[in-house]
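Subject: Structure handover

Hello,

Here is the structure for your files. Please look through it alongside the notes that follow.

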Amino acid sequence: MSSSMHIVAFSGCLREQSYNTAALRALQSLLPQDVELEILSLEDLPVFSASAIETEAVRNFQQKVAQADAVLIATPEYHGLLPHALRNALAWTVRSGETSVLAGKPTAMMGVGRQDSAEEQLTQLRVLLSQSRAAIVEAPEVYLNSGRAQFDARAEQQLRTLLDALVEQVRSALVY
């Protein structure tokens, strides 16, 4: 077993200047020494359908999620809904004829958006993750207003608290 904890993260926003992806990058500077955070891109995932063929990009995404110790998902608000790219990625976490690669996996949620609250988005994401049987980190829920996109001290503390909760959930389940 590796002495390093590996977390994969992805953002539901594909925009190059995404605040959510920027928040994930900011988290990389807050990691404990024995933890690494790999940010996955969702850009190459084809649109999911029941008859779609798993491409190399899909298999690579599934494998990285399956091999990770934990998952961190960042979601923007999109008119009160989860963005299509995020819902598509979550659909691909289920391998043909198998359970979701998220099943039992410690998973945390966060987001950055225009609203001060993302209760609807986080609730929708929690439902999808529950259906995948992910081991959801219940608290804290972190949603930052994009006006604080420079990640002030308060935002940094919220991100650190979320990361600490995710790391603790993994450590409580595994012996490092």
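Arg 126 is buried, at 18% relative accessibility. The cut-offs are these: buried means under 20% relative accessible area, exposed over 50%, and partly exposed in between, with a 1.4 Å probe and protein chains only. Arg 126 forms a salt bridge with Glu 138, where the closest N and O atoms are 3.0 Å apart. Arg 126 sits in helix H4 (residues 119-131), while Glu 138 is in the loop between strand S5 (135-136) and strand S6 (142-145), twelve residues apart. Glu 138 is exposed, with a relative accessible area of 54%. Shared partners join Arg 126, Glu 138 and Glu 141 into one network of salt bridges.

Two notes on the source. This is a predicted model, in which local features need pLDDT of at least 70 and side-chain atom pairs count only at pLDDT 80 or more, while totals for chains, interfaces and linings use all residues. Residues are numbered from 1 along each chain as its sequence is written, and side-chain values use heavy atoms, with hydrogens and water left out.

Now the rest of the salt bridges. The term means a side-chain nitrogen of Lys or Arg within 4 Å of a carboxyl oxygen of Asp or Glu. By this rule the count is five. Helices (H or I, at least four residues) and strands (E, at least two) are DSSP runs, numbered from the N terminus.

Asp 34 pairs with Arg 171 in a salt bridge, the closest N and O atoms being 2.5 Å apart. This pair links distant parts of the chain: Asp 34 is in the loop between H1 and strand S2 (35-40), and Arg 171 is in helix H5 (residues 153-173), 137 residues apart. Asp 34 is partly exposed at 28% relative accessible area. Arg 171 is also partly exposed, at 31%.

Lys 64 forms a salt bridge with Glu 38, and their closest N and O atoms are 2.6 Å apart. Lys 64 lies in helix H2 (residues 56-67) and Glu 38 in strand S2, so the pair ties together parts 26 residues apart in sequence. Lys 64 is partly exposed, at 27%. Glu 38 is partly exposed, at 23%.

One last residue. Thr 21 belongs to helix H1 (residues 19-28). Thr 21 is buried, at 13% relative accessibility. Leaving aside residues up to four places away in sequence, Thr 21 touches Ser 11 and Cys 13. Contact here means heavy atoms within 4.5 Å.

Best regards
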